[in-house]
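Me: I would like to go through this structure step by step. Could you begin with the terms that I shall need?

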Amino acid sequence: MKIVFYGAGNMASAIFIGMIENRVVEPEQIYLTSRSQQEKIMFFKENLGVNVSYDDTELLDDADYVILASKPQSFPDVAKRIRPYLEEKTKIVSVMAGTQIKTIRRELRTENPIARIMPNTNAMVQHSVSGITYSRNFPDKDQLVELMESFGTTVVIEEDVMHNITAATGSGSAFLYYIYEKYAESLMELGFDEEEALFLTRNLVIGAGKMVEDSELPFSQLRKNITSKNGTTEAGLDALDGEGIKRILTATLNAAANRSEELSKDDE
Ligand SMILES: NC(=O)C1=CN([C@@H]2O[C@H](COP(=O)(O)OP(=O)(O)OC[C@H]3O[C@@H](n4cnc5c(N)ncnc54)[C@H](OP(=O)(O)O)[C@@H]3O)[C@@H](O)[C@H]2O)C=CC1
Ligand SMILES: O=C(O)[C@@H]1CCC=N1
């Protein structure tokens with residue numbers, strides 16, 4: 001199998017590192033290209049044993065999958081590179097937020113099978129939760145799902161649900177990291193120094209993540225197990241509710257989903 005990544009940035013590298021670590025593909029089956037030759041992409045060649053090329057003929061020759069992993073704004077340039085050399089057998093898989101299948105088809109001028117996936121950077125530790133949607137003519141969906149499950153779990157969705165999945169899980173871990181950042185800053189306001197605040201927050205997050213992984217209890221029960229009647233936790237939770245935590249999170253997710261929708265309209 002030959003898998004070619006157009007774009008070797010944060011998302012692409014999380015995917016191919018996840019795939020290689022899980023041994024679902026050999027490094028020699030992966031080909032990387034980017035806009036400009038850089039140290040970062042050569043680092044992947046030297047350390048992982050993947051191929052790097054800027055020759056589109058070589059990249060696209062006999063390719064099974066082409067992964068579109070540039071920013072949506074760079075896609076017209078990427079499409080120009082791919083269009084002349086795309087073979088009929090090659091399946092296109094896009095990770096780009098907000099770029100619709102019909103747009104990819106139009107830019108590449110192709111009837112080839114196209115899938116859109118919305119992973120997240122937790123792919124690097126095989127814990128992405130990824131949405132996937134296919135064009136009608138996509139063959140051997142199981143093979144793509146198997147590849148994707150090497151870096152996490154997948155949910156098959158209709159294309160119009162992509163906006164919400166992009167907000168929920170594509171962007172979702174950034175929202176959580178931002179909350180952890182603010183938590184550490186708030187610990188500094190309580191009086192901890194920066195090192196202590198980061199140490200405490202990091203270990204709190206790791207421990208909570210492991211509890212979620214290992215325990216069968218729902219989030220609400222895990223919370224209740226910490227909350228004494230009239231105790232400190234209850235006081236803190238009342239303050240969180242009073243400040244409108246639910247409203248804040250709903251606004252966050254709506255803003256991200258709306259931006260995905262806007263991106264999809266930019267190119268109509
Ligand atoms: N980061 C994330 O968590 C997620 C990102 N996504 C999607 O993944 C895509 C990539 O995001 P991310 O990895 O964060 O972005 P990065 O900026 O980290 O990577 C973008 C990559 O695209 C390459 N590129 C740009 N133009 C071209 C070109 N003409 N030909 C070939 N390669 C090109 C860049 O090369 P160079 O470095 O040389 O400029 C770079 O390697 C986006 O569309 C985003 O919507 C989806 C889910 C989650
Ligand atoms: O911010 C973005 O647009 C991309 C899509 C999901 C995560 N990062």
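Reply: The expected span of a helix is 1.5 Å times one less than its number of residues. Helices (H or I, at least four residues) and strands (E, at least two) are DSSP runs, numbered from the N terminus. This is a predicted model, in which local features need pLDDT of at least 70, side-chain atom pairs count only at pLDDT 80 or more, and totals for chains, interfaces and linings use all residues. Residues are numbered from 1 along each chain as its sequence is written, while chains are lettered from A and ligands numbered from 1 in the order in which they are written.

Me: What span should helix H12 have, and how far apart are its end C-alpha atoms?
Reply: Helix H12 covers residues 245–266, and its 22 residues should span 32 Å at 1.5 Å a residue. The end C-alpha atoms of H12 are 32 Å apart, which agrees.

Me: Which residues of H12 are buried?
Reply: Ala256, Ser260, Leu263 and Ser264 are buried (20 or more other C-beta atoms within 10 Å of a residue's own; exposed means 12 or fewer, partly exposed in between, with C-beta atoms placed from the backbone). They lie on the same side of H12, because they cover an arc of only 110° around the axis (the arc of the directions from the helix axis to the C-beta atoms).

Me: Why would residues a few places apart point the same way?
Reply: An α-helix has 3.6 residues a turn, so residues three or four places apart point the same way.

Me: What covers the buried residues, and what is on the face turned away?
Reply: Helix H7 (162–170) is included in the cover over the buried residues of H12. The face turned away carries exposed residues, among them Arg247, Asn254 and Glu262.

Me: How many residues of helix H11 are buried?
Reply: The count is zero among the eleven residues of H11 (232–242), so this helix is hardly covered. Just after H11, Gly244 takes a positive phi of about 85°.

Me: Changing topic, which residues surround ligand 2?
Reply: Ala97, Thr166, Gly170 and Ser171 surround ligand 2 (C-beta atom, placed from the backbone, within 6 Å).

Me: And which come nearest to ligand 1?
Reply: Of the 28 residues around ligand 1, Gly7, Gly9, Ser34, Arg35 and Ala97 come nearest. Helix H1 (10–21) and helix H4 (75–82) are the elements that give two or more residues to this shell.

Me: How many helices and strands does the chain have?
Reply: The chain has twelve helices and eight strands.

Terms used. Two residues are in contact if their C-beta atoms, placed from the backbone, lie within 7 Å.
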